[in-house]
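Here's a quick tour of what sits inside this protein. Have the model open while you read.

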Amino acid sequence: MIMMFGSQQDYDMLASWTPDDLMALHKFMGEWNNELVESGEFVDAQGLGAPVHARRVQVREGVPVVTDGPYPETAEVLAGYTIVDCASFDRATEIAAKLADTPHPEGAQLGREWYVDIRPIGGAEELDA
């Protein structure tokens, strides 16, 4: 699973991008996904709503306690994921590297470099790297 992370600030920043910038982002993502579909490595992908639409559920003394997001103590949350079925962990790393290089407008205030995490689903003993 290739996991993308973001903060509420990241979601808010997208609202300031021009239509051309957003179109470039969507084009990049579409091409990236299509390459995986064509290679047979694509399994599933979903983007997630902004943290402001999140809800945390905890149980305290047997009673559910619900807190609406975003959460000030949480800098980043899972923003989306892609599941790939590929030959090796190294290949998954190659795929993820392309995603980590997602374009953004010149001068965009990202606050940090974009990154993605990769984790095997299920049996980690099958890793070859």
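The largest nonpolar core is made of eleven residues: I2, M4, F28, W32, L36, V84, A92, I95, A96, L99 and V116. To count, residues must be buried Ala, Val, Leu, Ile, Met, Phe, Trp, Tyr or Cys joined through side-chain atoms within 4.5 Å, with buried meaning under 20% relative accessible area (1.4 Å probe, protein chains only). Strand 1, helix 2 and helix 3 each give two or more residues to this core, and helix 3 has the largest share with four. Helices (H or I, at least four residues) and strands (E, at least two) are DSSP runs, numbered from the N terminus.

This is a predicted model: local features need pLDDT of at least 70, side-chain atom pairs count only at pLDDT 80 or more, and totals for chains, interfaces and linings use all residues. Residues are numbered from 1 along each chain as its sequence is written, and side-chain values use heavy atoms, with hydrogens and water left out.

Now for the strands. Six of the eight residues in strand 5 are buried. Its pairings (at least two DSSP bridges between two strands) look like this:

| Pair | Sense | Bridges |
|---|---|---|
| Strand 1 and strand 5 | antiparallel | five bridges |
| Strand 2 and strand 5 | antiparallel | five bridges |

G6 has V77 of strand 5 as its bridge partner, while G47 stands opposite G80 in strand 5.

Leaving aside neighbours within four places in sequence, A96 is in contact (heavy atoms within 4.5 Å) with I2, V116 and I118.

Methods. Buried < 20%, exposed > 50% of the residue type's maximum accessible area, 1.4 Å probe, protein only.
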